[in-house]
Amino acid sequence: MDFHSAYDQGFVRIAACTPSCEVGDPEFNAAATLDLARKGHADHVGLMVFPELGLSSYAIDDLLGQDALLDAVETAIADIVSASRELTPVLLVGAPLRHEGRLYNCAVVIRGGKILGVVPKTHLPNYREFYEKRWFAPGRNVRGGSIVVAGQDVPFGTDLIFASKAVRDFIFHVEICEDLWAPAPPSDFGALGGALILANLSASNVTVGKADTRKLLCAAKSASNWAAYVYSAAGPGESTTDLAWDGQACIYELGNLLAETERFPTTSQMCIADIDLERLRLERMRTGTFNDAATLNLTPDRSFRRVSFDFDKPKGNIGLRRGIARFPFVPADKARLDQDCYETFNIQVQGLMKRLKTTGIRRLCIGISGGLDSTHALLVASRAYDKLGWPRADILGFTMPGFATGDATKSNAWALMRSMAITAEEVDIRPLALQLLKDLKHPFGDGEPLYDVTFENVQAGLRTDFLFRAANQRHALVLGTGDLSEIALGWSTYGVGDQMSHYNVNASVPKTLIQHLIRWVIQTGEFDAETDATLESVLGTLISPELVPADANGAMQSTEDKIGPYDLHDFALYYTTRFGLRPSKIVFMALAAWRDAEAGVWPPHFPPDKRRSFDLPTIKHWMEVFLFRFFTISQFKRSASPNGPKVTSGGSLSPRGDWRAPSDGNARAWLKELKDNVPD
């Protein structure tokens, strides 16, 4: 495998095209089609979708009944077929074709000097401005047949799916315009038959508001079919006798828009995107509902013929024509991020309210460190108490300084508890920790500065032990604060430690999202100005467990120095658990997202001084760390996770929910795949 090749990484490059056309001029239209096809070839495109009846043009009415025009269409097809010998892409072109005394509105599939097959339009619109039944026969019952086009006898019917011999997952289905607008469109069945790309050759005249409806349909079909949907509408040059055209073309994947053209162009244009076919296949495989639907609906009269074709995939580094978000849990679009933060915060609040009401317990014990996670958990708890109409004084906050607690975090913890009007206490755990270390005959007990795992976990364990005993004494629940990223990496003290609680509102919230949740709380005015000022201070604090004293230079213990950047770990976590992608592919995508801090879009309000980049060796190194920690050393902790609400689409790691895995597993297969397929 070539690591730098998008095709070897499971992507296929797609183009949705709107060439210029001339009314009833197949020779001109074929030339315009080939002009874009050559540009697609130069850009390493694998599949190009052109408009409905693009070779004849769409709005020509009774000219469709003229042999002179139809003969010219076949000549144009022959010219395109001949030229395609020198071109990489599969070309889907629209043409009116005669067959057994009938005329069909067709998509002609061309590759490498051959016509692979012809698909007729299933649904013919005959209402309002449409009059297709005047000229065309419907293709709905055309199955299992063949047709002669440009001297080639090729498969003909609505039962065709096309699959590359050389590129796994490069499998597509074709429908035409109105087919998309009908209930149970042909593409639904094509997807169930195995097609991962659904192509629509459309003419679709434009009216006010119609463009939004087209995009809605394309998004819905790509989402409900776990597929990519490629749509191309007629553009400049179509007849405007009674209609108008906007040349809308777009590409969707799993409901997300990857690329679109400008509307109302004056010349030929196309949009290009790399479709992640491997992700689509894995999503279907991991979603039993899709396979159940296929079993239910693929009856004998809905079976498909699969047409195989040769395809010489482009080699080497051709770049990646799709946006890869640096933070898959954090949208870069401000409106979407605001919506995600609103929903996340309220899911957490509702989850905690339900747990409190069900238990009948009206108090919470929570450890407040002055860091991101405990701060956000306290915000959630406070809002839950406000909605329940309970006094915040029943939230019992404890700050528990240890051997490495900094003045800044301790100050923030106290400021936050005071401004939130909760019951606040300080418990110095150092005497107990020192005694325990002495009882363990740990060198630190005799004054030796040994800061090992035992030294750290004694402190973490005592803090949690105190919270549980305080909860017993004061009839309260212990509220967990550990986040999804820490749970993924096993960055917690097991059992009597921060791994355990009575309920954890942060359990499926990743570290990279929590900072944005706190910023959202500030921006929306959920709390008062004093609280907001403290929250700003918390956002600027180094991520640290504060269990090891500062070094000789005064540098505090840094979590990311120890286990790696959460930016990369959350990226790996999302694509490993949500989609099951190979480690080498995740590294490939991470490199595209993170290699250049100046490229792409950052989430709104992301501090400029925290915008960083990572090179390939760095990404590979931390990917190895992630795989080892995630698959080998932390699953046993997740197998005993406390309850907490699922929040993000990236899932949760609850053993009762999204992620179920053996506690005694290992990372060998994943580490080998990484080593074998990612260069140093």
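**View 1. Lining of the largest pocket in a predicted model.** The lining of the largest pocket divides into 28 nonpolar, eleven polar and eleven charged residues. Nonpolar covers Ala, Val, Leu, Ile, Met, Phe, Trp, Tyr, Cys and Pro; charged covers Asp, Glu, Lys and Arg; the others, Gly among them, count as polar. The model is predicted: local features need pLDDT of at least 70, side-chain atom pairs count only at pLDDT 80 or more, and totals for chains, interfaces and linings use all residues. Residues are numbered from 1 along each chain as its sequence is written, and side-chain values use heavy atoms, with hydrogens and water left out.

The pocket holds about 1500 Å³ of space. Among its 50 lining residues, Asn256, Gly323, Ala325, Pro328 and Tyr575 lie nearest the centre. A pocket is an open set of points on a 1 Å grid over the protein atoms alone, where a 1.4 Å probe fits, with protein on both sides within 12 Å along at least five of seven lines; lining residues have an atom within 4 Å of a point. Points are joined across faces, edges and corners, and a volume is the space filled by probe spheres set on them. β13 (256–260), α6 (277–285), α8 (334–359), α17 (566–577) and α18 (583–594) each supply at least two lining residues. Helices (H or I, at least four residues) and strands (E, at least two) are DSSP runs, numbered from the N terminus.

**View 2. The second largest pocket.** About 1200 Å³ of space lies here. Arg463, Asp498, Ser544, Pro545 and Leu547 are the closest to the centre, out of 50 lining residues. By class, the lining has 17 nonpolar, 21 polar and twelve charged residues. Helix α12 gives the most, with seven residues.

**View 3. Helix α14.** Residues 511–524 form this helix of 14 residues. Twelve of the 14 residues are buried (under 20% relative accessible area, 1.4 Å probe, protein chains only). Among them are His516, Arg519 and Trp520. The cover includes α8, α9, α13 (484–489), α15 (529–539) and α17. Glycine 525 follows α14, with a positive phi near 65 degrees.

**View 4. Cysteines without a disulfide.** The structure holds zero disulfides (pairs of cysteine sulfur atoms within 2.5 Å). Cysteine 21 counts as buried because its relative accessibility is 8%. Cysteine 365 is buried at 0%.

Terms used
Buried means under 20% relative accessible area, exposed over 50%, partly exposed in between (1.4 Å probe, protein chains only). The expected span of a helix is 1.5 Å times one less than its number of residues. Contact means heavy atoms within 4.5 Å.
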